[in-house]
Amino acid sequence: MTTLLHPGPAPTPRQLILNGIFAENPVFRLALSLCPAVAVTTSVLNGLLLGVAVLAVQVLSSVTVTLVRGLIHPRVRIPVYTIIIAVWVSAIDMALAAFFPALYAQVGLYVKLIVAFAIIISRLEVFASRQPLVPSFFDGLGMGLGFLLALLAIGAFRELLGSGSFAGHAIAPGKPLLFLTLPAGGFFSIAILMAFFNWIEARARRGREGSAPAPRAAAGGTHGV
Amino acid sequence: MSEIPAARPRPFVVTPGPHLRVSETTSSIMWWVNASLAPAALWGVVVFGPRAFAVIIASMAGAVAAEWVGTAAMRRRSTVADGSAACTGLLLALTLPPLLPAWAAFLGGAFATLFGKVIFGGLGYNLFNPALIGRAFLMASFPVAMTSGWSNPRPWFGPHLDAVTTPTPLAALKEYGLEAAARLISGPGGVTGLALGFRPGSIGEVSVLLVALGAGVMLARGIIHLTIPLSVFAGTALITSFSGAPLLHLLGGGLWLGAFYMATDYVTSPAMRSGQVVFGLLIGVLTGVIRLWGGYPEGICYAILIANAVVPALNLWFRPRRVVAMGSPS
């Protein structure tokens, strides 16, 4: 599944974090959890809140699963993972509702939906359930950071061009491109940023041609939310 | 002393096929389409003034610039010279209100070629009509400018006014009912004005006669056939005949421009005649449905885009009949 799981020297924490942000970015490379990436990114702050929530849930769930993985029977692992995620989502949900009520009013629905985010359970399945505590922690951290940064990038793109503001502060008068704040504009924004990401990746690969095997080119599955 | 004989016509020339050639190319067809649109475009400039001209130029410039930048960025052979980008820009401009800001028209033209065509792989690979993609994008981005930028025809005999915004006949029909629309078109010549093109509307749709003239040129040259346009008209007539103003629906909006110039796009219409009839009827009926019961006064743009999405299915359902049964020796 993961390029880092191939036999060889164990990946360092730095490699794991960079892997989550760039090589296997949940949104731009794995194309997982695109639904919230479209739905909540009409502004930077909404993206930030959901990104932080996902980061926290991912790290906590990865650590929990890696701690109890010896106790879970393989046949019931998916329900158990889901329950573990649900526990942490509930905790984060209540914390956000208590500390950021205004922002929570806008993205609260999606915070509860984190239970069903494909990226979290897929990291538990492919990484945390097979790796010791420290790598699992850094893998969760990298994936969460990758998701957070992706949501920030999409949110900034859409808010700047769609509403002419950044983090709620008006920059341009009026609404330059209302289209980008609509759901269709969300898909276009993700596609544009993903193309940009692929372009950078292709350039970087051309730079180190021959020294490393080419990573998987296309984005992965589109299942899940 | 041997000498190389002088070149003379060889009696037999052996070359691989094809051997029958016509001078017609994609590029020549595109420029013919552009030329046939020119009268309607010029009429729009005459009727609505310099701002309409600015919209046309900006839209075409945006389309051509985006085509050039897009093909260069993807390291593809530049296809600016084949006229398809200019055609997209011109068609888009003809569907726009004359008072739209020119920079918005430029943006629409650029979006139309970049996301309507270049992204899909260039001319021939696009699923949707690029010009209408541009229009739908502008509708979503600048709803106010796109629905209130209508202007009255310039008064040729009378006090000079800079520009007077006014509803189009279809918008008046939608908002205020049949009487208001009738009053609007009964001004400078009633139905004659409607047919001649002295009425508020999009830049290129106002003169049904000149659109018909351009369509006649394309029909005469065999660039388009009547199948799709007639099916579109039939569909719209069918559904609007119950509304009380079928003539207004047939002459009042962008139906002619859409039926002759956008529904007939080779790339985004079905290949078989039978499929084209279904395609045209679908466009006509959807146009009527959107106009009568939908949220917008005009529906031809979205009708064609929706029908474009059905084209791959229509091409599957309506296939050429095999002359020789499968499996038989050929």
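Tutor: Happy to! Let's start with the setting: of the 330 residues of chain B, 48% count as buried. Keep in mind as we go that this is a predicted model. Chain B is built with 15 helices and zero strands. In chain A, buried residues make up 43% of the 225 residues. Chain A has eight helices and two strands, and along the sequence they follow the pattern α-α-α-α-α-α-α-β-β-α.

Among contacts in chain B between residues at least 6 apart in sequence, 75% join residues at least 24 apart. For chain A, residues 24 or more positions apart account for 73% of the contacts with a separation of 6 or more.

Now to the part you asked about. A search over all chains finds six salt bridges, and A:E24, A:R123 and A:D139 are linked in a network of such bridges. Take A:E24 and A:R123 to begin with: their side chains meet in a salt bridge, at 3.3 Å from N to O. This pair links distant parts of the chain, since A:E24 sits in the loop between α1 and α2 (34-39) of chain A, while A:R123 is in helix α6 of chain A, 99 residues apart. The side chain of A:R123 also meets that of A:D139 in a salt bridge, at 3.0 Å from N to O. A:D139 lies in helix α7 of chain A and A:R123 in helix α6 of chain A, so this pair ties together parts that are 16 residues apart in sequence.

Where do these side chains sit, buried or exposed? Both A:E24 and A:R123 are buried. A:R123 has a relative accessible area of 3%, and A:D139 counts as buried because its relative accessibility is 1%, where the cut-off is under 20%.

In helix α1 (residues 13-23) of chain A, the buried residues are A:L16, A:I17, A:N19, A:G20 and A:I21. They pack against α6 (118-128), α7 (133-163) and α8 (183-207) of chain A. Helix α7 of chain A also holds A:S136, which is buried at 1% relative accessibility. Leaving aside neighbours within four places in sequence, A:S136 is in contact with A:S62, A:T66, A:F127, A:A128 and A:Q131.

B:E67 lies in helix α2 (residues 50-73) of chain B and B:K117 in the loop between α4 (102-116) and α5 (130-141) of chain B, so the pair ties together parts that are 50 residues apart in sequence. B:E67 counts as buried at 1% relative accessibility, and B:K117 is buried with a relative accessible area of 1%.

Finally, how many salt bridges does the rule find across the interface of chain A and chain B? The rule finds zero there. By class, the side of chain A that touches chain B has seven nonpolar, no polar and no charged residues. Seven residues of chain A are in contact with eight residues of chain B, and the area buried between the chains is about 630 Å², of which carbon and sulfur atoms give 78%.

Definitions and conventions: Residues are numbered from 1 along each chain as its sequence is written. Chains are lettered from A and ligands numbered from 1 in the order in which they are written. This is a predicted model: local features need pLDDT of at least 70, side-chain atom pairs count only at pLDDT 80 or more; totals for chains, interfaces and linings use all residues. Side-chain values use heavy atoms; hydrogens and water are left out. Contact means heavy atoms within 4.5 Å. Buried area is the accessible area (1.4 Å probe) that two parts lose on being put together, summed over both. A salt bridge is a side-chain nitrogen of Lys or Arg within 4 Å of a carboxyl oxygen of Asp or Glu. Ala, Val, Leu, Ile, Met, Phe, Trp, Tyr, Cys and Pro count as nonpolar, Asp, Glu, Lys and Arg as charged, and the others, Gly among them, as polar. Buried means under 20% relative accessible area, exposed over 50%, partly exposed in between (1.4 Å probe, protein chains only). Helices (H or I, at least four residues) and strands (E, at least two) are DSSP runs, numbered from the N terminus.
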